[in-house]
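Visitor: I am new to this structure. Please take me through one part of it closely, after a quick look at the whole.

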Amino acid sequence: MEEKKMIKFNEQEKIDSVNGALALRPQINKIVDEICERGYSNICWLGVGGTWASAMQATVHMKEMSAIETWAENAAEYLTTGNKRITKDTVVIISSVTGNTKEVVDAIKKIKAEVGATVISFVDAKEAILLDLADYKISYPVNEQLKFFMVADRFMFNNGEFEDYEDMYAEFDKYLAQALVEVEKKAEPFAVEFAKKHWNDEMHYFVGAGNQWGATYSYAMCYWEEQLWLKTKSISSNEFFHGMFEIVTKETPVTIYIGEDAQRPLSERVANFIPRICENYTIIDSKDYELKGISEKYRKHLSHHVMHAVNNRIDVHMEIETRHPMEIRRYYRRLEY
């Protein structure tokens, strides 16, 4: 029987996209090496919405491995509160699809005017104000978390904290793009059934931890709420037992993401408990997906990529079931706010 063709799935395009992002590493390394040689005090990952979520992923990644002072700063919050830790010796890292996100633009203008921190800007567009405002700029579409992690990993390598850096990226360069394509293929039947089951949920709860948490938060807010117009709540696994689980019943839709970094036990605890109170739960565990060619010890750095690959297929079939193209917005960039 002929294999059914996957909808909205261009295998070569996906491979080229990941490999193209990985090919940015020499450019990224040159930037980071120059900053390290000059000296810096700390690293601020600044964003809003989905980019803030990616910033949270980068910081938890570094938190597990590095003594470098680093944190995720919400651009809108910075504009009202400021942050005295951001100085002329701070490295501020930002990302944007359009390069003109209002809160981020205003925050970077404020930072440059008041303290003169060094700014590294990743923008999907080739021309944008956030490229003009940056000290270092790289224009390449999507793959935000991969770009962020390459920056973080180089800083940690230069700080003597990542001895396997070269070996790990040798594997990523050779195997990662194809491995993530295979995750999407394996996830396809699951994604079809998941979408059929949950496309009309009154409320859906997403739970995650570690380098999965920022992605969990982003998936609930930026994908299901913003793009699919479905009501959700995201909750970190470490906070699940401090409020949210009291509203879970037998019928409550709950999806738990389990990664492979240091915070895996937090999500496993939720997964082990949830069957006692709920029959409408789903567990998405990155360990269930092969990453051919990638050593076991490096898988923890890729859990969020596995999650994203699975979610890619869920999104395709949620669009089908809801009859709602994810490109449509009611208010975002349509109204003044």
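How many helices and strands does the secondary structure of the protein chain come to? After that, please look closely at helix 9.

Guide: This is a predicted model. The protein chain has 11 helices and nine strands. Its C-alpha trace spans about 55 × 45 × 40 Å along the principal axes. The radius of gyration is 20 Å, which agrees with the value near 20 Å for a compact globule of 337 residues. Buried residues make up 54% of those 337. Take the contacts between residues at least 6 apart in sequence: 78% of them join residues at least 24 apart. The chain exposes about 16,000 Å², and carbon and sulfur atoms supply 50% of that.

Now to helix 9. Helix 9 covers residues 213-225, 13 residues in total. From first C-alpha to last it reaches 17 Å, close to the expected 18 Å. Helix 9 is bent, by about 30 degrees, at Tyr-219. Tyr-219 is also one of the buried residues of this helix. Gly-214, Ala-215, Thr-216, Tyr-217 and Ser-218 are buried too.

What covers them? The cover includes three helices: helix 3 (50-65), helix 8 (165-198) and helix 11 (303-322). Strand 6 (204-208), strand 7 and strand 8 are also part of the cover.

The loop between strand 7 (232-236) and strand 8 (254-258) holds Phe-241. Phe-241 is buried, at 13% relative accessible area. Beyond its neighbours within four places in sequence, Phe-241 is in contact with Arg-269, Val-270 and Phe-273.

Terms used. Residues are numbered from 1 along each chain as its sequence is written. This is a predicted model: local features need pLDDT of at least 70, side-chain atom pairs count only at pLDDT 80 or more; totals for chains, interfaces and linings use all residues. Side-chain values use heavy atoms; hydrogens and water are left out. Helices (H or I, at least four residues) and strands (E, at least two) are DSSP runs, numbered from the N terminus. Buried means under 20% relative accessible area, exposed over 50%, partly exposed in between (1.4 Å probe, protein chains only). Contact means heavy atoms within 4.5 Å. The expected span of a helix is 1.5 Å times one less than its number of residues. The bend at a residue is the angle between axes fitted to the seven residues ending there and the seven starting there. The radius of gyration is taken over C-alpha atoms; the globule rule is 2.2 Å times the number of residues to the power 0.38. Accessible areas come from the Shrake-Rupley method with a 1.4 Å probe; for residues, only the protein chains shown count as cover.
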